[in-house]
Amino acid sequence: MTVCTTTVFLEFWKRRRAVLTYDWDLIDWEDEEEELRPQFEAKYSEVERVNPITGKPEPFQPFPDKLSRLMVSVSGIFFMISLVLTAVFAVVVYRLVAMEQFASFQWHFIKKYWQFATSGTGVCINFMIIMSLNVVYEKVAYLLTDLEHPRTDSEWENSFALKMFLFQFVNLNSSIFYIAFFLGRFAGRPGKYNKLFNRWRLEECHPSGCLIDLCLQMGVIMVLKQMWNNFMELGYPLLQNWWSRRKIKRGGQLLEHKISLPQWEKDWNLQPMNLHGLMDEYLEMVLQFGFTTIFVAAFPLAPLLALLNNIIEIRLDAYKFVTQWRRPMPARATDIGIWYGILEGIGVLAVITNAFVIAITSDYIPRFVYAYKYGPCADQGYTQEKCLKGYVNSSLSVFDLNELEMGYSGYCRYRDYRAPPWSSNPYEFTLQFWHVLAARLAFIIVFEHLVFGIKSFIAYLIPDMPKDLCDRMRREKYLVQEMMYEAELEHLQRERKKNGKQYHHEWP
C-alpha cells in the first residue's frame with residue numbers, strides 16, 4: 001500500500017512542479033549555455049575544440065582522461081562503501097561478544113533480556129558510527145568530485161549530490177539490511193552452530209522473529225537522527241550567533257546597545273548559508289523518504305514519525321532562515337534536478353525490499369504454507385483461525401541432547417524445518433522447508449510484478465500536468481498567436497497604405 005502511495009506522491013509532485021513552474025513563469029525558460037568552471041578551463045586550456053552551440057573554441061576534456069578519472073572516482077566510492085560494510089561487520093562482532101557477556105551477566109534483568117540489551121547497545125554504537133562516518137563522507141565526496149573535473153557547475157552539483165546520497169544511504173541502511181536479510185540465517189543448528197573465528201556463535205533472531213530487531217534498529221536510528229539533524233540546523237547556528245555577538249561586545253564594536261547597529265550589519269553578523277545548504281535539505285528529505293518506504297513493512301510507524309518530524313522541521317527552518325542565517329542567494333530552476341531520479345530509484349528499491357521483507361523476514365509465508373498444506377485445513381482452503389492450529393509445533397524441530405555429551409538427556413526444540421534425530425536422515429531439511437522456500441520465491445516474483453504493474457497503471461492514470469493548467473497554457477498560446485497575427489496584419493496594412501496599394505481588412 002505504501003509503495004503505491006510512493007508512486008502517487010511522485011506523480012502528484014510532477015503536477016505540483018508544473019504549477020509552480022507556470023506560476024514563476026519558467027515554462028519556456030531554459031538554462032543558457034553554462035559557463036565552464038574555472039578549474040576545468042585551467043586544467044584543459046591546452047586542448048580545445050569547437051563548441052557546436054556557440055561555434056567558438058573552448059577547452060575540451062579527452063575521453064581517455066575523463067574515463068580514467070571516472071574509474072578512480074568509482075573506485076573511491078566502492079572503497080567508502082566497503083568501509084561502511086567493515087563498520088557493520090565490527091558492530092556484528094560486538095553483538096556476538098555482547099550476546100555472550102549479557103547471557104552470563106549477574107544482574108537477573110539483563111540476563112533475562114540479553115537479546116534486547118544486545119540489540120539496544122548495538123543500535124546505539126551503530127548510530128555513533130553512522131554520524132562519525134557522515135563527516136568523512138562529505139570531504140571524500142568533495143575530493144572525488146573535484147578529481148573528476150566536471151565541465152560546468154550543474155554537472156559538479158549532480159555528481160556531488162549522487163555521491164553524498166550513495167554514501168549516506170549505504171551508511172544509514174547497511175545495518176538494517178543485515179538485520180532484515182542476514183541475521184539468524186546462517187546460525188546453524190544445535191550441536192552444529194556456526195561460529196565466527198571458531199569462537200563466537202553467530203547471532204540468532206528473537207524467538208518472536210527478526211522483525212523485532214529490525215523495528216528497534218529503524219526506530220532508534222530514525223528518532224536519534226531526526227533529533228540530531230534538528231539540533232545541527234537550529235541549535236548549532238544559535239550557539240554560533242551567540243558567540244559572534246559576544247565577540248562583538250568584547251571588541252567594543254557596540255556603542256551603547258545592539259539596536260544601534262543598522263539592520264544590514266546585524267544580518268551580516270548572522271551565519272552564512274552553506275554553499276550547498278539546499279543540497280543538505282534535499283538529502284535529508286530523500287533519506288527520510290527512503291526510510292518511510294523501503295522498510296515500511298517492518299516499521300509501519302516510520303511514516304508517522306516522518307510526518308511529525310516534518311511538521312517540526314517546517315517551523316524550525318522558517319525560524320532558522322529568518323533569524324539565524326543570512327539570506328541565501330536566489331537561483332532559478334524548473335525542477336529539483338537529479339533528486340527526482342533518485343526518488344524514483346528509491347521507489348523501485350522499496351518494491352523489491354518490501355517483497356523480501358514480507359517473504360523472508362516475516363512469518364507470513366510459513367503460516368500460509370502451513371494453513372494450506374500441512375494444517376487442519378490442508379487442501380480445503382483457508383477459512384478461519386483454526387487452520388493455524390499446531391503451527392508453532394510444526395515450525396519447531398527436535399534435537400537430541402545426548403549428542404552434546406555433556407550429561408544432558410532428553411530433547412529440546414528449536415526453530416527450523418529439519419528432520420528429527422530418529423529419522424533416516426537426521427537434521428536434514430524437510431519437505432516443508434523446501435515448500436516454504438518455493439512459496440517465498442514465488443511470492444517475491446508475484447508481488448514485484450503485481451506492484452510494478454500497479455505503479456505503472458497509477459502513473460498512466462495521473463497526468464503530469466493539471467487540465468486547468470493545460471487549458472491556461474493553450475489559451476495563452478492562442479492569444480500570443482492572435483497578437484502576432486494582428487501585429488503582422490497591421491504592419492502589412494501600413495506597408496500597403498504607404499505604397500499606395502488598395503487597403504483590405506483581410507489576411508493577405
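Where in the chain is the place of Tyr427? Tyr427 sits in the loop between strand S8 (411-415) and H14. Helices here (H or I, at least four residues) and strands (E, at least two) are DSSP runs, numbered from the N terminus. The structure is a predicted model, in which local features need pLDDT of at least 70 and side-chain atom pairs count only at pLDDT 80 or more, while totals for chains, interfaces and linings use all residues. Residues are numbered from 1 along each chain as its sequence is written, and side-chain values use heavy atoms, with hydrogens and water left out.

Tyr427 has a positive phi of about 65° although it is not a glycine. At 6% relative accessibility, Tyr427 counts as buried; the word buried stands for under 20% relative accessible area, exposed for over 50%, and partly exposed for what lies in between (1.4 Å probe, protein chains only). A positive phi is also found at Asp25, about 60°, and Asp25 is not a glycine either. Asp25 belongs to the loop between H1 and helix H2 (38-43), and with a relative accessible area of 65% Asp25 is exposed.

Stepping back to the whole chain, there are 15 helices and eight strands. Of its 508 residues, 38% count as buried. The accessible surface comes to about 31400 Å², and 63% of this belongs to carbon and sulfur atoms; such areas come from the Shrake-Rupley method with a 1.4 Å probe, and for residues only the protein chains shown count as cover. Among contacts (heavy atoms within 4.5 Å) between residues at least 6 apart in sequence, 65% join residues at least 24 apart.

Helix packing comes next. Two packed helices are described by the angle between their axes and the distance between the axes. Helix H6 (residues 153-181) packs with helix H11 (residues 338-361) at an angle of about 10°, and their axes are 13 Å apart. The axes are lines fitted to C-alpha atoms, for helices over the stretch in contact, and angles run from 0 to 180 degrees between N-to-C directions. H6 and H11 are therefore roughly parallel to each other, given that angles under 35 degrees count as roughly parallel, over 145 as roughly antiparallel, 65 to 115 as roughly perpendicular and the rest as oblique. On the H6 side, the residues making the contact include Phe165, Phe169 and Phe177; on the H11 side, they include Trp339, Ile342 and Ile346. In H12 (residues 364-374), the buried residues are Ile365, Pro366, Val369, Tyr370 and Ala371.

The structure holds twelve salt bridges, each being a side-chain nitrogen of Lys or Arg within 4 Å of a carboxyl oxygen of Asp or Glu. One of them joins Asp464 and Lys14 (3.9 Å, N to O). Asp464 lies in the loop between helix H14 (431-461) and helix H15 (467-498) and Lys14 in helix H1, so this pair ties together parts that are 450 residues apart in sequence. Asp464 is partly exposed, with a relative accessible area of 42%, whereas Lys14 is buried at 14%. Lys14 lies in H1 (residues 2-23) and touches Tyr340, Glu344 and Asp464, not counting residues up to four places away in sequence. Glu11, Lys14 and Asp464 are linked in a network of salt bridges.

A further salt bridge brings together the side chains of Glu58 and Arg151 (2.9 Å, N to O). Glu58 is found in strand S2 (residues 57-59) and Arg151 in the loop between helix H5 (114-148) and H6, so the pair ties together parts that are 93 residues apart in sequence. Glu58 counts as buried at 13% relative accessibility, and Arg151 as partly exposed at 22%. Lys163 and Glu148 also meet in a salt bridge (2.6 Å, N to O). With Lys163 in helix H6 and Glu148 in helix H5, the pair ties together parts that are 15 residues apart in sequence. Both partners are buried: Lys163 has 4% relative accessibility, and Glu148 has a relative accessible area of 15%.

Met71 has its place in helix H3 (residues 63-103) and is partly exposed, with a relative accessible area of 48%.
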